[in-house]
Amino acid sequence: MKKIGLFFMLILSFTGILNAQQTPVLPVDPDTKAITYQGVIEQEGTPDVLYDRGASWISNFYKSPSSVLRIQDKANSKIEGTGRLMIYYTDEQGLKRDGGVVMYDIKMEFKPGKYRYTLNNFNLRAVSRAPLEKWMNKNDPAYNPKWDVYLYQVDTTMQGLVKSMKEGMIPKQIKKDEW
């Protein structure tokens with residue numbers, strides 16, 4: 001059993017090394033040059049119905065939705081907030097260490113039959129804001145290979161968030177109790 005655990009750990013370490021060697025390709029807005037995840041999704045429903053689904057998804061997705069949400073404006077069909085995610089690195093001894101907190105803005109807007117999500121303004125929480133776009137520049141004199149690992153974590157987390165959002169915005173099927 002120990003051999004299987006050791007083998008599994010070696011595979012995870014090797015996968016982490018491969019991920020660290022390759023800078024993930026994050027979506028960058030051509031105008032702002034900032035990391036931006038954005039999409040317009042066709043989804044049946046009125047703006048009010050879609051707003052309610054979006055608010056419900058946020059309440060279920062985030063551990064503390066009240067700390068995330070800044071604007072809940074049903075009249076103007078939009079929800080805005082600031083999300084946070086922890087990033088980690090593996091030290092020389094193979095231990096998982098805290099790499100900091102990345103903050104990002106989340107915005108959902110609703111129109112008849114569709115909604116738009118925007119995830120942007122990614123910053124490392126520090127004394128002053130440190131935009132993550134800097135981490136994508138391997139020519140930067142301060143470049144650190146950990147940045148690739150951090151970008152990979154941000155990208156996979158945001159992709160998971162978008163997937164969860166899309167699933168949460170689908171209307172729930174109500175089963176009729178026919179007997």
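Predicted model: local features only at pLDDT ≥ 70, side-chain atom pairs only at ≥ 80, totals over all residues.
Q: Why is T82 called buried?
A: The relative accessible area of T82 is 12%, and since buried means under 20%, T82 falls in that class. T82 has its place in strand β3, and, leaving aside neighbours within four places in sequence, T82 is in contact with S67, V68, R70, M103, Y104, D105 and I106.

Q: How do you know that the length of helix α2 agrees with its number of residues?
A: Helix α2 covers residues 47-61, and its 15 residues should span 21 Å at 1.5 Å a residue; the end C-alpha atoms of α2 are 21 Å apart, so the two values agree.

Q: Which residues of α2 are buried, and how do you know that they line one face of the helix?
A: The buried residues of α2 are L50, Y51, R53, G54, W57 and I58. Viewed down the axis of α2, these buried residues fall within an arc of 165°, and therefore they line one face of the helix. The cover over the buried residues of α2 includes α3 (65-68), β2 (69-73), β3 (78-90), β4 (96-111), β5 (114-124) and α4 (146-168).

Q: How many aromatic pairs does the structure hold, and why is the pair of Y51 and F110 given the class it has?
A: There are nine aromatic pairs in the structure. In the pair of Y51 and F110, the ring centres are 5.9 Å apart and the planes stand at 75°; since centres within 6.5 Å make a pair and planes over 60 degrees apart count as edge-to-face, this pair is edge-to-face. The pair links distant parts of the chain, with Y51 in helix α2 and F110 in strand β4, 59 residues apart.

Q: What makes Y51 and F110 count as buried?
A: The relative accessible area of Y51 is 6%, and that of F110 is 4%; because the cut-off for buried is under 20%, Y51 is buried, and F110 likewise counts as buried.

Q: Why is the pair of W135 and Y150 called tilted?
A: The rings of W135 and Y150 have centres 5.3 Å apart and planes at 45°; planes under 30 degrees apart would count as stacked and planes over 60 as edge-to-face, so the pair belongs to the rest and is tilted. W135 lies in the loop between β6 (130-131) and α4, whereas Y150 lies in helix α4, so the pair ties together parts that are 15 residues apart in sequence. W135 and Y150 also belong to one aromatic cluster, which they form with Y143 and W147.

Q: How do you know whether Y150 counts as buried or exposed?
A: The relative accessibility of Y150 is 7%, and because buried means under 20%, Y150 counts as buried. Not counting residues up to four places away in sequence, Y150 touches I87, Y88, Y89, G99 and W135. Y150 and V102 are 48 residues apart in sequence, while their C-alpha atoms are 9.4 Å apart in space.

Q: How does the reach of α4 compare with what is expected at 1.5 Å a residue?
A: Helix α4 has 23 residues and reaches 33 Å from its first C-alpha to its last, which is close to the expected 33 Å. The buried residues of α4 include W147, D148, Y150, L151 and Q153.

Q: Why does K33 count as exposed, and why is N121 called partly exposed?
A: K33 has a relative accessibility of 57%, and since exposed means over 50%, K33 counts as exposed. N121 has a relative accessible area of 36%, which lies between the 20% and 50% limits, so N121 is partly exposed. K33 has its place in the loop between α1 (2-21) and β1 (37-42), and N121 has its place in strand β5. The phi of K33 is near 60°, a positive value in a residue other than glycine, and the phi of N121 is also near 60°.

Q: What does the secondary structure of the protein chain come to?
A: The protein chain has four helices and six strands, and from the N terminus on its elements run α-β-α-α-β-β-β-β-β-α. Of the 179 residues in the protein chain, 34% are buried.

Terms used
Residues numbered from 1 in each chain as written. Heavy atoms only, no water. Helix = DSSP H or I, 4+ residues; strand = E, 2+ residues; numbered from the N terminus. Expected span 1.5 Å × (residues − 1). Buried < 20%, exposed > 50% of the residue type's maximum accessible area, 1.4 Å probe, protein only. Arc of directions from axis to C-beta. Contact = heavy atoms within 4.5 Å. Phe/Tyr/Trp six-rings, centres within 6.5 Å; stacked < 30°, edge-to-face > 60°.
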